[in-house]
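Please look over the model below with the following notes beside it.

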Amino acid sequence: MVRVWGGGIYQTRDFYDICDKLGIMVWQEFMFGDALYPRDKPFLETVAEEIRHQVRRLAHHPSIALWSGNNENQDAGSHSGPMYLIDYSVLYDDTVHATLIQEDRARPYWPSSPSNGMLVDEPERGLFIQKWGDSSDPRYGDVHRYDYSDLCTDVTKFPRPRFASEYGFQSYPSLETLKPISTPSDWDNNSTLMLHRQHHPDGNPELAAQMARFFHQPDNSDTEIRFGDFVYLTQVVQGLCIQAESEHYRRIRTEKNAYTMGALYWQLNDIWQAQSWSSIEYGGRWKLLHNFAVHFFAPVLVSPFQMKERVCAYVANDLTHPVKGELKIDVWKWTGTVDHSFTVPINIAAQHADQVWNVSVSQALNNNKPNEVVLALSFTESGKSKPTATNVFYPSAFTDVDLMEAKITAGNFSSAGDMQVKFTLMSNAMAPYVYLHTDVNGFFSDNGFLMVPESPVDVVFTGFDNVDVSQFQKMLQIRSVRDTYSGK
């Protein structure tokens, strides 16, 4: 599902045609967001005309899953006093909703995002009563959540809502995307340009502070390399923040007092080159978050996490049939050898999530220290040779890990069509969050992954235009965490 935000625009016909074709459901908001609106007659008449026009334009698209009145206006309307509550009700209940049900009763209407929903919705009787109250109440409707101060992977901070329709963390776009609008003097988190492009208050300090919880400060003497390392690490942090929260929501889909049935992170795309919550950069390049999302939103997910002194793993199955097989957990030493392996039989019902592993931290790490090992998990279905789902659990911040310098090589370049290049990576040491980037505009089939010694990783790059293999080979750049600091 994709949410068309009420603070943006109604999308073009091509957008909805593509969603129809690909089976992408659309949460369609009317274009009201983050503001209080008037209720004079001329304004309300233009609103009614807007609703009629857009519903008639879009209602034939099967991708439209629901209509929503606005973005984040319900709290403002209900908490700003009686006059504003009347303004809100006249605009959204008596105008937006009333006009909508004249045009389309085939789809549900959601009053606002977030919202507690409705107490009564019976259009044939002319009854529409909202469930007023705290829109962040996880017991009802959908919630929005942002937390920029706590450790973003702390599962004890995550809510247990019915639907998480907005949550996120920022990162920089790639240096390749920033270069056309910047000069080397701008390549610093505190430069005038980077502060100007940041439209979230305290966003740049928050990026640096969250990064410091996991990684060393980049310290290369070369400005371009140092800022490139910083940009890369912001994308890793954004990815692991949203991964942790998204997996949490998937794990609790069948748990009592949760039954979380949906998660939509904020946001998909950018309108310019800047720090933002997006997973796709202006121009179309994928941030690491988008590659991470391919895994954490896959139909079958294996999800490890730590809760106090226990390490747990869930398997979430969104398929309409059960999945059976074996979960393998390899305890890798950072020196590059497998210290121990666990195997767990798996049998997960259709559209269900179950805890499949729960052991003490010391047992999970095979009595190693947290900064000495990393856990690589893979679930393989019965009768299949390749894993259906993989994941990695890092028990320690990288500021405490003695990483070896990894030499990562790329070879076996070949064309996979006019717009694709295949190649193989190999590393001589453990290399976390391997980052591939290039001046050629496009995206990688996988990115930001763990490499283990002498284990090849096959990658496909898809360009937005024809790709010359030899040129791509020369322009491909590779980073991993150990490259970002000197170790002094």
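1. The largest cavity has a volume of about 120 Å³, where a cavity is a set of points, on a 1 Å grid over the protein atoms alone, at which a 1.4 Å probe fits but cannot get out, and a volume is the space filled by probe spheres set on the points, which are joined across faces, edges and corners. Three cavities of 30 Å³ or more are present in the structure.

2. This is a predicted model, in which local features need pLDDT of at least 70 and side-chain atom pairs count only at pLDDT 80 or more, while totals for chains, interfaces and linings use all residues. Residues are numbered from 1 along each chain as its sequence is written, and side-chain values use heavy atoms, with hydrogens and water left out.

3. Lining the largest cavity are 17 residues, and those nearest its centre are Arg-285, Trp-286, Leu-436, His-437 and Phe-444; a lining residue has an atom within 4 Å of a point. Two or more residues of this lining come from each of β18 (431-437) and β19 (442-444), strands being DSSP runs of E with at least two residues and helices runs of H or I with at least four, numbered from the N terminus. By class, the lining holds seven nonpolar, seven polar and three charged residues, with Ala, Val, Leu, Ile, Met, Phe, Trp, Tyr, Cys and Pro counted as nonpolar, Asp, Glu, Lys and Arg as charged, and the others, Gly among them, as polar.

4. The second largest cavity contains about 100 Å³ of space. Its lining includes Arg-145, Asp-147, Cys-152, Lys-157 and Glu-245, and divides into six nonpolar, one polar and five charged residues.

5. An open sheet is formed by four strands in the order β12-β11-β14-β15, with antiparallel pairing; two strands pair if DSSP finds at least two bridges between them. Because β12 (338-348) and β15 (389-393) stand at the edges with a single partner strand each, one side of each is left without a neighbour in the sheet. Within the sheet, strands β11 (residues 323-333) and β14 (residues 373-381) run antiparallel and are joined by nine bridges, and Ile-329 stands opposite Leu-377 in β14.

6. His-290 belongs to helix α9 (residues 288-296) and is buried, at a relative accessible area of 15%, buried meaning under 20%, exposed over 50% and partly exposed in between, with a 1.4 Å probe and protein chains only. Apart from neighbours within four places in sequence, His-290 is in contact (heavy atoms within 4.5 Å) with Tyr-265, Leu-268, Ser-279 and Ile-280.

Definitions and conventions. On a 1 Å grid over the protein atoms alone, a cavity is a set of points where a 1.4 Å probe fits but cannot get out, and a pocket is an open set with protein on both sides within 12 Å along at least five of seven lines; lining residues have an atom within 4 Å of a point.
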